Amino acid sequence: MGYKRAEEILPRDIIELIQQYVDGENIYIPRKSENRQGWGCATQIRQELSDRNAAIFRDYRRGCKVPELAEKYFLSIKSIQRIVREMKKTA
């Protein structure tokens, strides 16, 4: 998220109106609800995590123990247990 100068995009009267509420402060203007994207939509992180979780589950089914998986994938034992539990539901 980058900052834009109000003077470059807003009419002077709107800037003056906003200054009645916040003068010289940074404010966040949220997107319209219809323009919002879901988490991970702008990157490939969802696919990367899905691939990682599938690899964890594959290793688990091949006999790797949870502590070994935690060390291999740099995750906590609880995270590995959660991933395995969720993958079992979909397998």
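Is Trp39 buried or exposed? Keep that one in mind as you go through these close-ups of a predicted model.

**View 1. Trp39 sits in the loop between α2 and α3.** Trp39 has a relative accessible area of 57%, so this residue counts as exposed. Leaving aside neighbours within four places in sequence, Trp39 is in contact with Ile45, Arg46 and Leu49.

**View 2. Ile29 is found in the loop between α2 and α3 too.** With a relative accessible area of 63%, Ile29 is exposed. Now pick out Ile18, which is 11 residues away from Ile29 along the chain. The C-alpha atoms of these two residues are separated by 12 Å.

**View 3. Glu48, in helix α3, is shown together with Leu17.** Glu48 has 48% relative accessibility, so this residue counts as partly exposed. How far apart are the C-alpha atoms of Glu48 and Leu17? They are separated by 45 Å, and the two residues are 31 places apart along the chain.

**View 4. Helices α3 and α5 pack against each other.** Helix α3 covers residues 45-61, and α5 covers residues 77-90. Their axes are 9 Å apart, and the angle between them is about 90°. Angles of 65 to 115 degrees count as roughly perpendicular, and therefore α3 and α5 are roughly perpendicular to each other. Which residues meet here? On the α3 side you'll find Arg52, Asn53, Ala54, Ile56, Phe57 and Tyr60. From α5 come Ile80, Ile83, Val84, Met87 and Lys88. Sorted by class, this contact has 8 nonpolar, 1 polar and 2 charged residues.

**View 5. Helices α4 and α5 cross at roughly 105°.** The two axes come within 9 Å of each other. Helix α4 brings Val66, Pro67, Leu69 and Ala70 to the contact, while α5 brings Ile77, Ile80 and Gln81. By class, the residues of this contact divide into 6 nonpolar, 1 polar and no charged.

**View 6. Tyr73 lies in helix α4.** Which residues does Tyr73 touch, not counting those up to four places away in sequence? They are Arg52, Ala55, Ile56 and Asp59. Asn53 is 20 residues from Tyr73 along the chain, and the C-alpha atoms of the pair are separated by 9.7 Å.

**View 7. Phe74 has a positive phi of about 55°.** Why might you stop and look at that? Most residues other than glycine have a negative phi. Phe74 is not a glycine, yet its phi is positive. As for its place, Phe74 is in the loop between α4 (66-73) and α5 (77-90). At 76% relative accessibility, Phe74 counts as exposed.

**View 8. The largest pocket holds about 750 Å³ of space.** How do you find empty space in a model? Rolling a probe the size of a water molecule over the atoms shows where empty space is left. The largest pocket is lined by 22 residues. Lying nearest its centre are Lys4, Arg5, Ala6, Glu25 and Ile27. Which helix gives the most to the lining? That's α2, with 5 residues. Both α1 (6-9) and α2 (12-19) supply at least two residues each. Split by class, the lining has 12 nonpolar, 4 polar and 6 charged residues.

Terms used:
Residues are numbered from 1 along each chain as its sequence is written. This is a predicted model: local features need pLDDT of at least 70, side-chain atom pairs count only at pLDDT 80 or more; totals for chains, interfaces and linings use all residues. Side-chain values use heavy atoms; hydrogens and water are left out. Helices (H or I, at least four residues) and strands (E, at least two) are DSSP runs, numbered from the N terminus. Buried means under 20% relative accessible area, exposed over 50%, partly exposed in between (1.4 Å probe, protein chains only). Axes are lines fitted to C-alpha atoms, for helices over the stretch in contact, and angles run from 0 to 180 degrees between N-to-C directions. Angles under 35 degrees count as roughly parallel, over 145 as roughly antiparallel, 65 to 115 as roughly perpendicular and the rest as oblique. Contact means heavy atoms within 4.5 Å. Ala, Val, Leu, Ile, Met, Phe, Trp, Tyr, Cys and Pro count as nonpolar, Asp, Glu, Lys and Arg as charged, and the others, Gly among them, as polar. On a 1 Å grid over the protein atoms alone, a cavity is a set of points where a 1.4 Å probe fits but cannot get out, and a pocket is an open set with protein on both sides within 12 Å along at least five of seven lines; lining residues have an atom within 4 Å of a point. Grid points are joined across faces, edges and corners, and a volume is the space filled by probe spheres set on the points.
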